[in-house]
Amino acid sequence: MRGRGRTRTTVRYRVSEPALSGLTVGAVVVPAPLFAAAVAVDGWTAGLVGLAATIGVALYAALAAAGDDDGGLSADGDPVRRAGLAGGGAFLAGALPSLVVLAEMGWGFPLAVGIVAAELAVVGGLRVRLVGGDVLETAVRVALGGALAAAVGAGVGSLAGL
């Protein structure tokens with residue numbers, strides 16, 4: 001990619017930044033409603049809630065990314081590409097655990113928790129590799145954000161029986 005005059009910084013703003021932003025949003029936002037519904041009702045309903053949340057988050061990420069750059073930041077001026085990368089990343093990160101829970105197998109919920117943990121680990125690793133920063137600080141931020149979202153979702157879901 002760099003052979004065509006693209007520097008590392010340009011690739012970062014054109015590709016890495018919107019994709020990583022979308023992955024982060026999908027991996028942190030979708031587990032809360034997904035796990036709330038999984039605790040409160042059944043896997044099928046929880047999966048549908050997770051997919052609905054995934055679509056909403058992907059649309060939000062795409063629209064936000066498209067509006068974030070008029071070309072001054074990335075020297076690209078291609079909001080459609082940024083929107084596709086951010087929305088696609090958010091959809092991928094949210095759809096994976098939602099589809100597992102939607103399958104309504106006995107191990108769907110624990111597997112979804114594992115998928116979310118793996119996604120957060122990948123997001124943390126990519127953030128350190130592509131954006132830079134301290135490994136420990138990034139790991140704590142990503143793990144804390146994901147754990148809080150999952151715990152709040154499961155806690156809200158447990159209120160359903162009251």
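Mentor: This is a predicted model. An unreviewed UniProt entry places the feature "transmembrane region" at residues 20-38, 44-63, 83-103, 109-128 and 140-160.

Trainee: What does the chain look like over residues 20-38?

Mentor: That stretch is 95% helix and 0% strand, with its end C-alpha atoms 27 Å apart.

Trainee: And how far apart are the end C-alpha atoms over residues 44-63?

Mentor: They are 29 Å apart, and residues 44-63 are 100% helix and 0% strand.

Trainee: How many helices and strands does the protein have?

Mentor: There are six helices and zero strands in the protein. Read from the N terminus, the order of elements is α-α-α-α-α-α.

Trainee: Let us turn to a single residue. Where is Gly145?

Mentor: Gly145 lies in helix 6, which covers residues 135-158.

Trainee: Why does Gly145 count as partly exposed?

Mentor: Because its relative accessible area is 23%, and the partly exposed class lies between the limits of under 20% for buried and over 50% for exposed.

Trainee: How far is Gly145 from Ala27 in space?

Mentor: Their C-alpha atoms are 9.4 Å apart, although 118 residues separate Gly145 and Ala27 in sequence.

Trainee: What share of the contacts comes from residues 24 or more positions apart?

Mentor: Such pairs account for 73% of the protein's contacts with a separation of 6 or more.

Trainee: Lastly, what about burial and surface?

Mentor: Of the protein's 162 residues, 38% count as buried.

How values were computed. Residues numbered from 1 in each chain as written. Predicted model: local features only at pLDDT ≥ 70, side-chain atom pairs only at ≥ 80, totals over all residues. Heavy atoms only, no water. UniProt positions renumbered as here; feature names shortened; annotations may be inferred. Helix = DSSP H or I, 4+ residues; strand = E, 2+ residues; numbered from the N terminus. Buried < 20%, exposed > 50% of the residue type's maximum accessible area, 1.4 Å probe, protein only. Contact = heavy atoms within 4.5 Å.
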